[in-house]
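Here's a quick briefing for anyone opening this one for the first time. Have a look at the structure, then read on.

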2 protein chains.
Amino acid sequence: MDADPEALDRLVQTSFTVMAVLSQAAAAHDLSLTQLRVLAILRDHEPKIAELAAYLGLDRSSVSGLIDRAVKRDLVLRTTSEDDARAVRVSLSPAGHRLAPTLTAEIGAALTPLTSKLTLAEQRKLGALLTKLLD
Amino acid sequence: MDADPEALDRLVQTSFTVMAVLSQAAAAHDLSLTQLRVLAILRDHEPKIAELAAYLGLDRSSVSGLIDRAVKRDLVLRTTSEDDARAVRVSLSPAGHRLAPTLTAEIGAALTPLTSKLTLAEQRKLGALLTKLLD
DNA sequence: CGAGAATAGGTGGTAATACCATCTAAAGTA
DNA sequence: TACTTTAGATGGTATTACCACCTATTCTCG
């Protein structure tokens with residue numbers, strides 16, 4: 001399986017560009033990139049701390065602190081799990097529920113200048129390629 | 001000027017995946033992602049602090065500290081600029097010069113499992129699309 | 001059932017990252 | 001020459017993330 005080094009390079013460059021856009025979108029709401037990710041995840045899931053940590057690739061203790069701060073800012077709720085008194089379920093607070101879609105929309109808007117350099121057909125092709133890439 | 005929301009989503013997902021790979025490659029050498037970026041930049045440039053800051057999207061003071069730590073680890077050299085005694089030129093130390101290509105190679109290797117899910121033709125197509133995206 | 005191991009999460013301590021406001025030294029400008 | 005701007009460094013703060021360790025709960029198996 002051969003590789004095109006240029007494609008690789010572009011992939012890295014693009015990733016940095018995208019991350020910069022995301023960081024900025026997060027910063028506009030005084031959020032870190034990680035907090036942004038947490039909110040995005042919580043839109044569709046109510047994970048336990050350990051699950052969140054695994055998904056984010058972080059230590060449990062890091063996530064504990066992260067959620068601490070998010071709770072303090074009333075974005076997120078900590079609920080003791082019903083089936084396991086040790087475990088904690090993290091979910092969006094009402095305020096978090098209001099914020100999350102706003103963020104998604106803003107990120108979409110912020111990325112559009114990038115993607116709109118491609119025709120719709122090209123965007124679809126890109127989406128397909130990336131889907132394959134992500135497996 | 002329409003947009004395919006799925007392509008957008010994949011782009012974000014892919015970026016996170018790529019960043020995770022890069023972070024891990026950096027961490028294997030006890031480097032942060034930012035330090036990795038600095039080393040990559042220094043392979044081809046000898047920027048002043050302010051230029052580096054602009055490129056990285058960071059505050060000058062952040063870069064100052066960043067370079068501090070890199071100097072302390074003997075990866076990087078601080079040289080007073082010849083034409084401007086206020087300015088500092090940052091360059092790779094001999095050790096940095098040895099490390100940088102290693103990192104590049106390792107990152108390439110770490111990303112190959114991803115890109116090799118595409119045929120060579122698809123990789124080239126992806127590269128072309130991303131090139132257009134990056135303008 | 002009950003003792004010891006395993007698991008979930010939190011704490012405390014440390015280091016790095018990044019910000020802002022401020023400082024000094026050097027250049028540029030009027 | 002005096003005034004302003006610029007380059008970078010410093011000090012102070014908050015966040016992020018780690019590791020080692022602690023507590024409370026749950027699991028396991030004798």
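What follows is a short tour, grouped by topic.

This is a predicted model, so a few ground rules apply: local features need pLDDT of at least 70, side-chain atom pairs count only at pLDDT 80 or more, and totals for chains, interfaces and linings use all residues. Residues are numbered from 1 along each chain as its sequence is written, while chains are lettered from A and ligands numbered from 1 in the order in which they are written.

**Chain A at a glance**

- Chain A has 6 helices and 2 strands, where helices (H or I, at least four residues) and strands (E, at least two) are DSSP runs numbered from the N terminus.
- Reading from the N terminus, the order of elements is α-α-α-α-β-β-α-α.
- Along the principal axes, the C-alpha atoms of chain A fill a box of roughly 50 × 35 × 20 Å.
- Chain A has 135 residues, and 29% of them count as buried. Buried means 20 or more other C-beta atoms within 10 Å of the residue's own, exposed means 12 or fewer, and partly exposed is in between, with C-beta atoms placed from the backbone.
- Take the contacts in chain A with a separation of 6 or more: 43% of them are between residues 24 or more positions apart. Two residues are in contact if their C-beta atoms, placed from the backbone, lie within 7 Å.

**Two helices that cross in chain A**

- The axes of H1(A) and helix H2 (residues 33-44) of chain A come within 9 Å and cross at roughly 85°. Those axes are lines fitted to C-alpha atoms, for helices over the stretch in contact, with angles running from 0 to 180 degrees between N-to-C directions.
- That makes H1(A) roughly perpendicular to H2(A). For the angle words, under 35 degrees is roughly parallel, over 145 roughly antiparallel, 65 to 115 roughly perpendicular, and the rest oblique.
- Where they meet, H1(A) brings Leu22(A), Ser23(A) and Ala26(A), and H2(A) brings Leu33(A), Gln35(A) and Leu36(A).
- By class, that contact has 4 nonpolar residues, 2 polar and no charged. Here Ala, Val, Leu, Ile, Met, Phe, Trp, Tyr, Cys and Pro count as nonpolar, Asp, Glu, Lys and Arg as charged, and the others, Gly among them, as polar.

**How the two chains pair up**

- Between the chains, 41 residues of chain A are in contact with 41 residues of chain B.
- On the chain A side, helix H1 (5-27), helix H5 (94-115) and helix H6 (120-134) each give two or more residues.
- H1(A) has the largest share of that side, with 14 residues.
- The chain A side splits into 19 nonpolar, 12 polar and 10 charged residues.
- Chain A superposes on chain B by a rotation of 180° with 0.0 Å of shift along the axis, at an RMSD of 0.1 Å.
- In chain A, the C-alpha nearest the axis belongs to Ser15(A), 2.1 Å away.
- Both copies use the same surface, as 100% of the contact residues of chain A recur in chain B.

**Around the DNA**

- DNA strand C has 24 residues around it, and the closest are Ala50(A), Ser61(A), Ser32(B), Asp59(B) and Ser62(B). A residue is near a strand if its C-beta atom, placed from the backbone, lies within 6 Å of it.
- H4(B) gives the largest share of the surface near DNA strand C, 5 residues.
- By class, that surface near DNA strand C has 8 nonpolar, 8 polar and 8 charged residues.
- DNA strand D also has 24 residues around it, with Ser32(A), Asp59(A), Ser62(A), Ala50(B) and Ser61(B) coming nearest.
- For DNA strand D, H4(A) gives the most, with 5 residues.
- The surface near DNA strand D has 7 nonpolar, 9 polar and 8 charged residues.

**Spots to look at in chain B**

- Asp74(B) isn't a glycine, yet has a positive phi of about 60°. Look for Asp74(B) in the loop between H4 and strand S1 (76-80) of chain B.
- Leu31(B) sits in the loop between helix H1 (5-27) and H2 of chain B, and counts as buried with 20 C-beta neighbours inside 10 Å.

Methods:
Least-squares fit on C-alpha atoms with pLDDT ≥ 70 in both.
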